[in-house]
Amino acid sequence: MEAEQRDSGLRLTELLAAFSLATDLGLGQPMEHVLRSWAIATRLGDHLGVEPESRGAMYYVATLAWVGCVADTPEVAAWFGDDIAFRGDSYQVDFSGLPMLGFMLRHVGTGSPGLQRFRLAANLVGTGGQGIKQGLISHCLTTAQMAERLGLGADVRDPLLQMFTRWDGQGVPSDVSGDAIALSMRLFHLADIVEVFHRTAGVDAAIAVARERRGKQLDPNLVDAFCSQAHDILGDGSAEVDWRLILADEPALQRTLSEQELDAALEAVADFTDLRSPVRAGHSRAVADLAARAAVRTGLGAPDVVTLRRAGLLHDIGLHGIPATILDKAGPLSAAESERMRMHTYYTERMLAHPPALARIGAVATMAQERCDGSGHHRGLLGPAIPLTGRLLAAACAYCTLTEPRSHRPAMTAKQAMAELHADVRAGRLDSDAVDNVLSAAGQSHGKRHGGPAGLTPRELQVLQLIARGASVRRVSQHLQITAKTAETYVERIYAKTGACSRATVTLFAMKNGLLGSFDPLDS
């Protein structure tokens with residue numbers, strides 16, 4: 001079987017569960033809001049006798065419905081300031097007519113000078129909010145495109161186009177109303193709202209908001225069914241839930257991804273993550289590809305290269321929890337803004353903590369902002385604690401960031417970026433070998449031959465990893481299918497290049513340079 005077609009060990013549902021945690025933060029909600037909403041919609045569907053075969057589509061609709069908010073983030077931020085706060089507050093309002101207009105006028109231009117707020121408000125009223133409506137349409141189209149890229153069918157894509165419809169026809173698009181709205185979307189509309197009110201104010205509040213919006217935003221029949229069984233449908237909001245066990249029990253949600261499908265899905269997640277900030281478009285892919293090329297030059301094995309590339313694709317997923325007003329601020333960040341920005345790697349770690357197949361990627365992805373002198377975030381790791389894959393990712397991310405424009409500066413030239421990275425090496429922030437290999441992979445080698453730390457060749461790196469793990473010369477020769485004499489020669493070269501005099505000192509060298517923190521060559 002071709003490597004690309006092998007089972008990756010990861011289900012699409014597990015990947016989307018992780019991505020839904022990013023969506024939660026972008027909505028101004030705590031993690032697992034979307035998953036709880038799906039559970040509520042599913043229980044209500046069961047109460048109504050919805051066919052079990054449709055449960056799979058219901059999950060994908062729920063976990064993807066809000067994904068498109070990244071598409072309208074720049075517009076929302078331009079109108080209302082902090083996009084995350086705006087979305088979080090919007091749950092308190094029935095988004096139609098005068099209540100919607102009043103809500104928008106209260107939030108328009110938040111954080112801007114008074115005159116700017118007045119101009120935005122006048123524009124909003126004068127245009128009837130046409131810019132907002134276009135943003136909602138863009139949201140739906142973008143979400144449906146995400147579903148298509150993930151290989152999902154029309155039973156998922158079509159409902160996603162109806163995310164902002166309303167039962168009374170006052171939504172977007174306005175020509176879709178009532179039963180013309182897919183049942184899966186009507187269930188999600190109700191579940192998405194009552195989950196927030198149940199979590200924050202209890203069952204009675206969830207019932208009250210459903211009845212208040214009955215026949216307006218929400219399907220009256222679904223509201224009546226919900227209210228009659230609200231306690232059972234909502235469940236215990238304070239209980240700890242193991243979503244992995246719940247997903248594993250759903251027959252319609254057991255589709256596993258091949259290695260090739262996983263790469264395509266991660267690329268889709270990366271692209272959607274970068275949409276949050278226009279100047280970051282393509283950043284995650286660029287980091288992933290540069291880091292992977294550098295890893296090959298360093299001599300890392302194929303499993304590490306694959307993991308590193310995937311980590312590069314996901315390293316910024318935590319930015320979904322950072323407002324666009326911070327991401328795209330034209331001036332320097334305040335202390336509070338800087339601290340919030342530093343949180344994004346923590347969010348990344350949380351989102352990618354489960355299952356194990358994703359956690360292996362996440363363990364590397366969270367190191368994109370770590371620095372060898374301990375000045376990075378969010379863990380503040382020192383050099384010996386950062387594996388080589390993490391050092392390469394940090395260097396690749398730094399290079400790509402410098403050569404891309406940002407709201408507060410233009411893009412640097414490759415030469416300028418190279419000088420900045422070398423300055424970070426001299427200051428002890430970035431690893432010298434990692435930077436050399438990243439620059440070489442970026443075409444900035446200037447004739448210098450690059451490899452692993454201390455000039456170790458790819459084969460010498462393999463031997464070093466083996467002997468540091470306790471392998472004998474005989475075991476090295478068997479594993480690498482070389483003669484014992486050749487293996488012994490490699491060991492001698494390693495000792496000479498690293499200045500080691502024993503297995504212990506060469507192992508310390510390997511640990512110091514992060515060569516043992518990713519995959520074990522004895523198991524490859």
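**Entry 1: Ile 322**

I looked up Ile 322 and found it buried, at 0% relative accessible area. Buried means under 20% relative accessible area, exposed means over 50%, and partly exposed is in between (1.4 Å probe, protein chains only). The model is a predicted one, in which local features need pLDDT of at least 70 and side-chain atom pairs count only at pLDDT 80 or more, while totals for chains, interfaces and linings use all residues. Residues are numbered from 1 along each chain as its sequence is written, and side-chain values use heavy atoms, with hydrogens and water left out.

I placed Ile 322 in the loop between α17 (302-314) and α18 (324-327). Helices here are DSSP runs of H or I with at least four residues, strands are runs of E with at least two, and both are numbered from the N terminus. Leaving aside residues up to four places away in sequence, I listed what Ile 322 touches: Ile 84, Arg 276, Leu 327, Arg 340, Met 341, His 344 and Tyr 347. Contact means heavy atoms within 4.5 Å. I also checked Pro 303, which is 19 residues from Ile 322 along the chain; their C-alpha atoms are separated by 32 Å.

**Entry 2: cysteines**

How many disulfides does the structure hold? I found zero. A disulfide is counted when a pair of cysteine sulfur atoms lies within 2.5 Å. For Cys 400, the closest cysteine sulfur is in Cys 397, 7.3 Å away, and that is too far for a bond. Cys 400 counts as buried because its relative accessibility is 6%. Cys 501 is exposed, with a relative accessible area of 66%.

**Entry 3: helices α22 and α23**

I looked at helix α22 (residues 388-402) and helix α23 (residues 414-426), whose axes come within 9 Å and cross at roughly 140°. That makes α22 oblique to α23. Axes are lines fitted to C-alpha atoms, for helices over the stretch in contact, and angles run from 0 to 180 degrees between N-to-C directions. Angles under 35 degrees count as roughly parallel, over 145 as roughly antiparallel, 65 to 115 as roughly perpendicular, and the rest as oblique.

From α22, Ala 395, Ala 398, Tyr 399 and Leu 402 meet Ala 414, Ala 417, Glu 420 and Leu 421 of α23. I sorted the residues of this contact by class and got seven nonpolar, no polar and one charged. Ala, Val, Leu, Ile, Met, Phe, Trp, Tyr, Cys and Pro count as nonpolar, Asp, Glu, Lys and Arg as charged, and the others, Gly among them, as polar.

**Entry 4: helices α25 and α28**

I then took helix α25 (residues 458-468) and helix α28 (residues 503-512), which pack at about 120° with their axes 9 Å apart. That makes α25 oblique to α28. Leu 464, Ile 467 and Ala 468 in α25 meet Arg 503, Val 506, Thr 507, Phe 509 and Ala 510 in α28. By class, I recorded six nonpolar, one polar and one charged residues in the contact of α25 with α28.

**Entry 5: backbone**

Which residues does a cis peptide bond join? I noted Val 172 and Pro 173, with omega about -5°. Pro 173 is in the loop between α9 (154-160) and α10 (183-201). I noted another cis peptide bond between His 354 and Pro 355, with omega about -10°.

Glu 32 is not a glycine, yet its phi is positive, near 85°. I found Glu 32 partly exposed, with a relative accessible area of 28%. Gln 481, also not a glycine, has a positive phi of about 55°. Gln 481 is exposed, at 73% relative accessible area.
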